[in-house]
Amino acid sequence: MNDINWDALRQAANAAMAKAYVPYSKFPVGVAALTTSGQIISGCNVENASYGLTLCAECSLVSAATMAEAGKLVAFTCVDGSGNILMPCGRCRQLLFEHAAPGMVLETVSGFKTIQEVLPDAFGPSDLETR
């Protein structure tokens, strides 16, 4: 974890948060992740008048990482409109789990934790293969 530049990740998350489209909730969220390719990828939430179609910042990040062929997520942070650290919701933790490198580290409101710690007993691709 010493080789992760958490300040750079927070800066990228804050820059992404500033681009969030949140006319309804007024709750901008920005995320950033370091990937196995060494890239820092970011994302923001994008709301929709049909609330169920709103995209979480994590969805934006995973889409950007996929398009950039950036590899798996190694380290992740999430911030609100004031730059405070946020914990991803359960749905987003599941999304992150699917795209995480083994041992991915998240900056959380209670310190640094692995993806396995924030989503214990997760269901993933290997469960589909074994069933």
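This is a predicted model: local features need pLDDT of at least 70, side-chain atom pairs count only at pLDDT 80 or more; totals for chains, interfaces and linings use all residues.

Tutor: Residues are numbered from 1 along each chain as its sequence is written, and side-chain values use heavy atoms, with hydrogens and water left out.

Student: How many helices and strands are there, and what pattern do they follow along the sequence?
Tutor: Helices (H or I, at least four residues) and strands (E, at least two) are DSSP runs, numbered from the N terminus. By that count there are five helices and five strands. Read along the sequence, the pattern is α-β-β-α-β-α-β-β-α-α.

Student: What radius of gyration does the protein have?
Tutor: The radius is taken over C-alpha atoms, and the globule rule is 2.2 Å times the number of residues to the power 0.38. For 131 residues the rule puts a compact globule near 14 Å, and the protein agrees with that, having 14 Å.

Student: In what order do the strands sit in the sheet?
Tutor: Two strands pair if DSSP finds at least two bridges between them. The five strands make an open sheet with mixed pairing, in the order β2-β1-β3-β4-β5.

Student: Which strands stand at the edges?
Tutor: Look for strands with a single partner, so that one side is left without a neighbour in the sheet. Those are β2 (40-44) and β5 (111-114).

Student: What is the bridge partner of E107 in β5?
Tutor: β4 and β5 form a hairpin with two residues between them. Across it, E107 has as its bridge partner F112.

Student: What angle does helix α1 make with β3?
Tutor: Axes are lines fitted to C-alpha atoms, for helices over the stretch in contact, and angles run from 0 to 180 degrees between N-to-C directions. Contact means heavy atoms within 4.5 Å. Helix α1 (residues 6-17) packs on the sheet, touching β1 (30-35), β2, β3, β4 and β5, and its direction relative to β3 is about 50°.

Student: Where is I85, and what does I85 touch?
Tutor: I85 sits in the loop between β3 and α3. Leaving out residues up to four places away in sequence, its contacts are R10, T77, C78, V79, E107, T108 and V109.

Student: What is the volume of the largest pocket?
Tutor: On a 1 Å grid over the protein atoms alone, a pocket is an open set of points where a 1.4 Å probe fits, with protein on both sides within 12 Å along at least five of seven lines; lining residues have an atom within 4 Å of a point. Grid points are joined across faces, edges and corners, and a volume is the space filled by probe spheres set on the points. For the largest pocket that comes to about 220 Å³.

Student: Which of its 16 lining residues are closest to the centre of the largest pocket?
Tutor: Those closest to the centre are F27, V29, N45, C56 and A57.
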